[in-house]
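Let's take a walk through this fold together, starting with its core and ending at its strands. Keep the structure open beside you as you read.

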Amino acid sequence: MIVTTAWMEQWFGEFNRLYFGSGLPVPLFALSHARTQLGQMACKRTMRWGRTKLYDFTIKLSTYYDMTEDQAKNVLLHEMIHYSIAYTGVKDTAPHGIVWRGMADSLNRKHGWHIQAMTTTKGWKVADGSKPRKVGPPSVYLVLALRMRDGRHFLSSVNPRFARTIDRQLVRLSEIGNYGWYITHDAYFKDFPRCRSLRGRRVSVDVYEEKTAEMKQYVF
């Protein structure tokens, strides 16, 4: 199977209920194409009143491998343990320290999982989309980046024929903090629909800042 964000959200909810007492808020879900990093838990940090506050938690899984469902679930649980430790503010001795290993060992013993600090992918099947193939010139994407006043961030791949109409709508919406238009060849946007109306995909602050920093600004 190739993991999807819908699959991640479904099983996050199930595992949250079964193993974490439904105590973890639903994070952002994202996909990567990493070969060596099967999963990642990331978050943003800020200082408030001398204390570090964590927010915008994101769990990301790789689509590089055609994993079995059991393999994918173990990777998701691996990252959920990281999320639980970060969200609850527990101090661990290392990224895979005493606390992390204790939680992983407990799930492995009690529920038959195979969560590991380091997972070998030797013999794993590579997804068809990850095999080298001849490709044509890279696609060009017109991207709209939106930062909302309430702190949410969105990216949208826009059909160029409808860009001016959407741009005129943006200036009338008070809930938008700021926005920008960009041009990119980044394959990250290949699965985005080419929008004809004002809509987008919510992303974490880290993804938003990373992508907008890499893209070329577009002016009508």
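First, some ground rules. This is a predicted model, in which local features need pLDDT of at least 70, side-chain atom pairs count only at pLDDT 80 or more, and totals for chains, interfaces and linings use all residues. Residues are numbered from 1 along each chain as its sequence is written, and side-chain values use heavy atoms, with hydrogens and water left out.

Start with the core. A nonpolar core here is a set of buried Ala, Val, Leu, Ile, Met, Phe, Trp, Tyr and Cys residues joined through side-chain atoms within 4.5 Å; buried means under 20% relative accessible area, exposed over 50%, and partly exposed in between, using a 1.4 Å probe and protein chains only. The largest such core has 33 residues, and those with the most contacts inside it are Trp7, Ile59, Leu76, Met80, Ile81 and Ile115. Two or more residues each come from α1 (5–19), β2 (39–48), β3 (51–62), α2 (69–88) and α3 (98–111). These elements are DSSP runs numbered from the N terminus: helices are H or I with at least four residues, strands E with at least two. Helix α2 gives the most to this core, eight residues. In soluble globular proteins, nonpolar side chains tend to be buried together.

Leaving aside residues up to four places away in sequence, Ile81 touches Phe20, Trp100, Met103, Ala104, Leu107 and Ile115, where a contact means heavy atoms within 4.5 Å.

Helix α2 turns up again at the second largest pocket, where five residues from α2 make the largest share of the lining. A pocket, on a 1 Å grid over the protein atoms alone, is an open set of points where a 1.4 Å probe fits, with protein on both sides within 12 Å along at least five of seven lines; lining residues have an atom within 4 Å of a point. This one holds about 550 Å³ of space. Of its 18 lining residues, Arg45, Leu54, Ile85, Ala86 and Val90 are the closest to its centre. Strands β2 and β3, like α2, each supply at least two lining residues.

Now for the backbone. Most residues other than glycine have a negative phi. Ser22, in the loop between α1 and β1 (28–32), has a positive phi near 55 degrees. Asp56 has one near 50 degrees, and Asp56 sits in strand β3.

Finally, find strand β5 (residues 153–158), where six of six residues are buried. His153, Leu155 and Ser157 point one way from β5, while Phe154, Ser156 and Val158 point the other. Which strands pair with β5? Strand β4 (residues 141–148) runs antiparallel to β5, joined by five bridges; strands count as paired if DSSP finds at least two bridges between them. Ala145 stands opposite Leu155, and in the four residues between β4 and β5 of this hairpin, Gly151 takes a positive phi near 100 degrees. Strand β8 (residues 201–203) also pairs antiparallel with β5, over three bridges, with Arg201 as the partner of Leu155. Strand β7 (residues 194–195) pairs with β5 in the parallel sense over two bridges, and there Arg194 is the partner of Ser157.

Key:
Grid points are joined across faces, edges and corners, and a volume is the space filled by probe spheres set on the points.
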